[in-house]
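Here are my notes on the model you asked about. Have a look at the picture first, then work through the points one by one.

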Amino acid sequence: MRTFWLALAATAMAQPPDFQRDIRPLLAKRCLACHGPDEHSRQAGLRLDRFDGATKTGVIVPGRSAKSRLVARVTNEKLPMPPTGPRLTANEIAMLKNWIDAGAASANHWAYEKIQLPGVPEVKQPDWPRNAIDNFILKTLEGQSVRPSKEAPRNTLARRVALDLTGLPPDAAAMAKIDNYEAYVDALLASPRFGERWAKVWLDLARYADTQGYEKDNKRTIWPYRDWVIRAYNDNLPFDKFTILQLAADLTEDPSVDDLIATGFHRNTMTNTEGGTDDEEFRDLAIRDRIATTGQVWMGQTWGCAQCHTHKYDPLTHKEFYQLYAYFNQTADDDHPSDRPVLKLSKDVSTLVLKELDAYKRRTTRIYERGNFLTPGEAVEAATPAAFPAMPAKAQNNRLGFAQWLVSKDNPLTARVTVNRFWSRLMGRGIVESEEDFGTQGTAPTHPELLDWLAAGFQKDWDVKRLLKLIVMSAAYRQDSAVTPALLEKDPLNKLYARGARFRLDAEAVRDQALAAAGLLSGKLYGPPVMPWQPDGVWLVTYNSDRWVTSQGEDRYRRALYTFMRRSSAYPSMMNFDAPNGETCTIRRIRTNTPLQALTSMNDPAFMEAAQRLAERAAKDANPAAKLFESVLLRQPSKTELQRVQQLHAATIAELKASPSNAAKLVKYSEVLYAEDRESTLIPDARTKPREWRFKTSDPGAGWNTAEFNDSNWSAGPGYFGYFNKPNESTPIKSAWDTDQLWLRIAIDLEAPLPARFKMPIRTNSQFDVWVNGVHALNNIFERGGHFDYLLNDDGQRAFKPGRNVVAIRVTRHGARGSGQVFDPGLVASLPVKLNKPSRDEFSRAAWVVVANTILNLDETLTRR
Amino acid sequence: MKQVLANTRRHFLQGGSLGLANLFLAEAQQKPARAGKAKSIIYLHMAGAPSQLELFDYKPELVKYNGKPCPDELLKGKRFAFIKGVPNMLGTPYKFARQGQSGAMMSELLPRFSKLADEVTIVRSMSTDQFNHAPAQLFMHTGNSRFGFASMGAWVTYGLGTENQDLPGFVVLTSGGNNPDGGKSLWGSAFLPSVYQGVHCRSHGEPVLFLSDPEGVTRSMRRKTLDAMKDLNAMERERSGDPETDARMSQYELAYKMQISVPKVMDISKESPETHALYGTQPGKTSFANNCLLARRLVENGVRFVQLYDWGWDHHGTSKRDDIEHALKPHIAECDQAIAALLTDLKQRGLLDQTLVVWGGEFGRTPMRENRGGTEGAFRGRDHHPYAFTIWMAGAGVKKGLNYGETDDIGYYVVKDKMTPRDLQSTILHLAGADPYTLHYPYLGLNQRLIGPTDEGRIMKDLLI
């Protein structure tokens, strides 16, 4: 860093410093705390965030640094500025001098200027552009003497635009139109899959999740809001209305039930239900989150920075942050575990909504000194920040008015930020790369006029489908993504858009595409979140006792956006492919490339199941290899590709012949996977008709846990074992146990082939160890009490044998003596899938499963190109 | 991993794009690091913030004032998480004694670690500016109290790469039944390329999710699929000209190697009974002790940065479950044995000289007894206290038997040799062989650094050999 600054300073000496890049940040960092927008801490009436006063009073004399008192003070040895902290460095002083000597030019930040509709530029190659977007792109390319790329091949483009607009490969309705690009695009825009795809993009911003967050992370019902977003996109709800309903439907005249559901947007903030937390503290955090999120989503502003102090770089004072706070401070929700207020939609479903407080309950909003909610200062009234145009004339000064202000024609940011976000999803990068920051620290637009042309058009009708269609119809969008070494060197990041974008698919699309290609994907829209297959134990990381119970039927194969989203324990394959966990608003996902992704798409049973189904379909085809390519990549393989795939198929058959059981497992992969579908209770517990165990409350001596041990002199009785502090009618104790330890034994008979995936449903508040035929099968160091399924360890799973088996348990009380103790054991296992000796055909099919797994992992498959 | 790194760098130099990274990396490319004294780092974070006043920072004056109301000047303008009104002072109920040549004062709760007083540098003058768990943990490990910044382990592996090509360079292990409050962001790579993010290894089931081949797929079948994938990807690479395809294939090869190397290193069952007795470890459990032993195995195998989070140190005293008696005592007993074992074991194996071990929480605990809701409960505990807390460091490049820094008579403020998280970060990077001031990554118009935008973080030369 030091050397970097030196280098920068050296440059600064040579040419006048740039105000935006060099001077504004320096002043912000070193001066504005006392000479900034914040009138309370302002010293000597001097502001250095604007310069009218400073130039009038001789603090800055443009062109003459020697006469400027600013320079005199920062170089004064006895009374230096700033008076505390380190002195300005020689380089910083030199930079200030050079800037003043060069005229002390300052400028408004581009993004705060009103949006003006720019003219469409003339170009030298008029036959390339298909619409105005292309004139802007081509104009820049011509300036750099770079030629645009040719159009992508038909099927490549068809796959690209289907993945972009619907998050899936094209469905049959779209495929029927593949020869007419515009009709094909229209079919995609009309598909219900369109709303699902763009809803997910929006839900990242809305920090949507199905749990409350923080430590306990309990379930909450807010999926009706998710469904509202899907419908809004499918119905092409204009973006201004989309905005107003989400932020303030409750304040609009006569809102419908649907409108009110939209306010769930800001009810996605987290709720802390941990014992002893101050509800007001977390209500306050939720309000701050709403302001920060609103600022980022609609205006690309980092307003959250101003909660403790005036924004260092952008025009939002500490006071103004709390004036924004005042708009959001009058809702009835207050970080209560019940998540009230809710809107009742049916007998079973209530969803979280915003509700304005009654007039007599209105809160006074105060500035929190240094952002601390325990040190409230001056009271403030709701107001929009002074740096932006005022509220629309007819708007009320409340949350509704604020929402209307966001989408007013005078707001310089909302339209720019929004079109930029849509553009980025389709074109691979934003015109402003820092989609989340349009402030002075954000990146400059690569095509400012194009951005404004799109924004000005969008402001006219706020028509999202029209905007998306405009982009995908452009020649710029349709370009081939192949890149020459020369172009790669000139423009590695594709800032010029001289080629089509090529990037890895989003987490959801990686999964959904695999399911779609396999013919597994359910088309069911809407409804409560679902629980597709997930590895055992992923949900056991927190105190929460909610269980992941694998969904039934088609709910196992719903689109990824319907997967239950738990903040503290997100669905693993989504996390590995960079999906956010809903803790904070995520404007853009940072795309990564890691070995964990490779492990996921190769080994995650969900992907493997897709491979099996895909192979089944392909194997019926005359040319299975070609069918695999067509199903996944929407194209025919080349001759070399075909040969390579067939070679892999042949080699895999050879491997499988050496281990036929693997072939048998592969052709029945899905059936084997869903062990829960074949579960059978081997030892019933107290919930039904508990079996009798042999038990002892004093040390039975060596060998007690082996199969051979003679337990005939032990007591006999069923669960519950233990005693309750208070009599509990619903769970009566059947076998009294009040000592420190308890020893249990039971014998069960099993037939070959043995069941699998043995687990013990156990209700207890104690710790325990389990042995199967003398083999240690489970150790539970006490983490929390409750009724849970405990999966036996690998040794334990293998210890069962045909014939008589003995399960032995040693229980050790965890809590204090006299505080109540209970133990109720059961045993459940999954009946085996009958695996036959594979036929010749099945060897071949099993090998196609492995090939399909390979095809699903190709770079091309994982990439939108 | 080294190979991946080398590939990565080559692409950048060729002007290609890779993953999330951009061309700036070439410009930001770190000079070959000088050899750091610490080849590996083990960072033991006690999530929740253990009480320095019960463990390391002995305050007889505070004991004298036990039960007396807290003076007004200590409360004015202060924010506490839970303390309301005027709390009473709380002297520690535990005995302290001088230990070893260094004469370090340590609590009776640390019987084993006390014996290693002459191996460690104890810093009693840590001070932070965050007093809630998640922000304070984020500040400690990412240099920023908000979400979205790269973690220390990511910075270290970014700056220095890793020694073992078959294991991730940055491994995270958690215990205590919960992830730390700051969540997975504490080991994220944020704006740094994702190869530098921490890999969270589990001690139940597969150490890394989806590490095993699917049922029915053998390792030799997997090798053949990878070979086919490589050939098919090469054709796509030829068509597209995109170097990202090569990077993806490298990740698949690394994944293939990890399938063997990770389970091997994560299996502690082959360790000797003596070792298990030393640490208090039991194979198959999730425990801090197991993680300490795993940390030794990982650094032994060339992992650069091993980050442990042990949850459950937030002793507020609201109930028996979080007081400084019933809850702290058993927890510190497990911890005491494990940290003493780790240092002893590293030393016996000659690894301590090249491994930096850091232990600490995200802030300290108040000298006052917490009075949640304004009334004193039946159990004793302390609220969050950012102004003063204790950490210790040992191993590579760190002085042995040093007592550094002092707090006032009641342990409220630091009065001598204050050290901040930024100082600690600077010092750790320095020991690892990176220059904390120049190790940076350009992102969104700023040169991001672990130690933040200003140069206030100091390399604590006083602590170093």
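Predicted model: local features only at pLDDT ≥ 70, side-chain atom pairs only at ≥ 80, totals over all residues.

1. Residues are numbered from 1 along each chain as its sequence is written, chains are lettered from A and ligands numbered from 1 in the order written, and side-chain values use heavy atoms, leaving out hydrogens and water.

2. Now find S40(B), in strand β1 (residues 40-47) of chain B; helices (H or I, at least four residues) and strands (E, at least two) are DSSP runs, numbered from the N terminus. Not counting residues up to four places away in sequence, S40(B) touches V299(B), V303(B), R304(B), Q354(B), T355(B) and L356(B). The side chain of S40(B) also has a polar atom 3.1 Å from the backbone oxygen of V303(B). Is S40(B) buried or exposed? It's buried, because its relative accessible area is 6% (buried means under 20%, exposed over 50%, partly exposed in between, with a 1.4 Å probe and protein chains only).

3. Next, the nonpolar cores: sets of buried Ala, Val, Leu, Ile, Met, Phe, Trp, Tyr and Cys residues joined through side-chain atoms within 4.5 Å. The largest has 133 residues, and L44(B) and W392(B) touch the most other members. Helix α11 (residues 328-348) of chain B gives this core its largest share, 10 residues. Beyond four places in sequence, the contacts of W392(B) include L44(B), F56(B), F113(B) and I339(B). A separate core has 131 residues, including F194(A) and W202(A).

4. How do the two chains meet? The contact takes 84 residues from chain A and 80 from chain B. Together they bury about 7,200 Å², 59% of it on carbon and sulfur atoms; buried area is the accessible area (1.4 Å probe) that two parts lose on being put together, summed over both.

5. Salt bridges come next: a side-chain nitrogen of Lys or Arg within 4 Å of a carboxyl oxygen of Asp or Glu. On chain B, α7 (219-240) gives the most to the side that touches chain A, with 16 residues.

6. Look at D859(A) and R248(B) too, whose closest N and O atoms are 2.4 Å apart in a salt bridge. D859(A) lies in helix α33 (residues 859-862) of chain A and R248(B) in helix α8 of chain B, so this pair joins two chains. Both residues are buried. They also belong to a network of salt bridges that includes R502(A), E641(A) and R239(B).

7. Finally, two salt bridges within single chains. E378(A) pairs with K319(A) at 3.5 Å between the closest N and O atoms. E378(A) sits in strand β4 (residues 376-380) and K319(A) in helix α16 (residues 318-328), so the pair ties together parts 59 residues apart in sequence. In chain B, R349(B) and E300(B) meet at 3.0 Å, N to O, linking parts 49 residues apart.

Conventions:
Contact = heavy atoms within 4.5 Å. Polar contact = N/O pair within 3.5 Å; in protein donor to acceptor, adjacent residues only side chain to side chain.
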